[in-house]
Structures are given as C-alpha cells and as structure tokens.
Amino acid sequence: RHSAGCAATYGLMEACDFKCTACYLADTANATPPLPLEEVKRQLEVIREYLGPGGNTQITAGEVTLLPCDHLIEILNYCRRLQLSPMVMTHGQRFLTEPDYLERLILEGGLDKVSIHIDTTQKGRLGLHARDTEPDIHWIRDSFANLIRQTRKKTRRRLTASTTYTVTENNVQHIPGVVQWCTDNADAFRMISFQPTADVGRNRENEQVGKQDFIWQKICEGVGVPLNRRTFKF
C-alpha cells in the first residue's frame, strides 16, 4: 500500500509578524510580496495531479493569516473545487484578536482543518514573556482550545485542530507537561506534532540532531505508557 501523505503550498505569503527564535523563513521574507493568486492556483493544480482527490494540502508559507480574509477564502474554495482537503497552518494570533476571521474561513471557505503553532520560541506572541517556560504558557493553549470549542458551537460546523511545537534545547524537558495538556484537551486538539529544530532559515536555536530517541522518551513520559515509535513511517 502506498500513501502520498500530504503536500504544502510554497511562497504563498513569505512574511510573518513574529520573530521566532526557530524561524525557517529566509532573511528576505518580510520584503517578499504575496504570491499572485494565479500562481497559488497553479501550485494547487500540481498538488491535485500528484495527490489525487481528497489529497491533504497544507496552506502555509510564512503566516498565511496576514492575507486579507477574502484572499484566503478564495484559495480554500479553489482547493475544494480541485477536491483537495486543505488545512490552514498558522500561529493563530489573528484568530484570537479577530474571531470573525476564523469564522469566515469556515463559513465562506469551507475550512474544517487548522493547525496552530504554540510554544515559547514565538517572540511576538501577545502575552508571552522572555522568561516564560512551556508550563507558563498553558493559558495561551487554553485560549486556543476554548476558541476552537466556541467556534464549533457558533458556526455549527466541523473543525478539526492540531497543534505544533518546535523542540529546542530550552523546551525539550517540558514535552511531558505539554503532552499531558494535550490529552486533557483532546476534544479540541486531536494531534500534536513535535518538530525538532533544523539549521535552516533565520533559526537561532541549536539543531536537534540525534535527539529523536530522547524526544520520544519525553513524549512517552507525558502519556504515561511506552509507545511504539515505529508503528508507521511517514
């Protein structure tokens, strides 16, 4: 059996209003204009050709919610016309400050999957302080979990959510507590992706080379049982 996994857009919006210490954008990113809509559509057509109907497609770049809502809605609707299944990848700050933005993506763009990145590398996150550790920002995670619940209730639409976490030397020891938070809030966030730092872009963190076993150990510690790391390979 074969799975193509998922695909992602590239260069759609190479800008971000955060200054994360583990940033994968190039130094020229915030001076790069958004990709013209026709070019975005061409990317999606190539993705559709490769993945086939129902292909999982990450709508990502830098921070795609910096785009006007109408623009992102048009991209989502084009995904649907192509029979792709889009997920918006975001730091989510605009969803908290402008809940209508998320609601419009759902009601007008048919969005039903979102991934929100939350960790202490996110310099620029409202309410995040320089000395905060991961347990200190569970209130931020709570805000997003409650937003997801409230948005489902208000729109009466399905919304599946995941969260991502960049693993650094400074926060690797806090993985168990974050895993426990996720199990306590599994009704809101059904998946968490731990992403070891890579030495690319504007990253200012040490690359997590050879740390996979230790990271998996910490995940198991948070769950409370040993998990099979090799259940499948993706």
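These notebook entries record what I looked up in a predicted model.

**Entry 1: residue T121**
I located T121 in the loop between β4 (113-117) and α5 (138-155). I found a relative accessible area of 4% for T121, so this residue is buried. Leaving aside residues up to four places away in sequence, I listed its contacts as K19, C20, T21, A22, T166, T168 and E205.

**Entry 2: helix α2**
I checked the length of helix α2 (residues 69-81). After α2 comes Q83, with a positive phi near 70°.

**Entry 3: salt bridges**
I recorded 13 salt bridges in the structure. Side chains of opposite charge can pair when their charged atoms come close.

I examined K154 and E103, whose closest N and O atoms are 3.4 Å apart. This pair links distant parts of the chain, since K154 lies in helix α5 and E103 in helix α4, 51 residues apart. K154 is exposed at 59% relative accessible area, whereas E103 is buried at 12%.

I then examined D112 and R158, which form a salt bridge with closest N and O atoms 3.5 Å apart. D112 is in the loop between α4 and β4 and R158 in the loop between α5 and β5 (160-167), so the pair ties together parts 46 residues apart in sequence. R158 counts as exposed, at 55% relative accessibility.

Key
Residues numbered from 1 in each chain as written. Predicted model: local features only at pLDDT ≥ 70, side-chain atom pairs only at ≥ 80, totals over all residues. Heavy atoms only, no water. Helix = DSSP H or I, 4+ residues; strand = E, 2+ residues; numbered from the N terminus. Buried < 20%, exposed > 50% of the residue type's maximum accessible area, 1.4 Å probe, protein only. Contact = heavy atoms within 4.5 Å. Salt bridge = Lys/Arg side-chain N within 4 Å of Asp/Glu carboxyl O.
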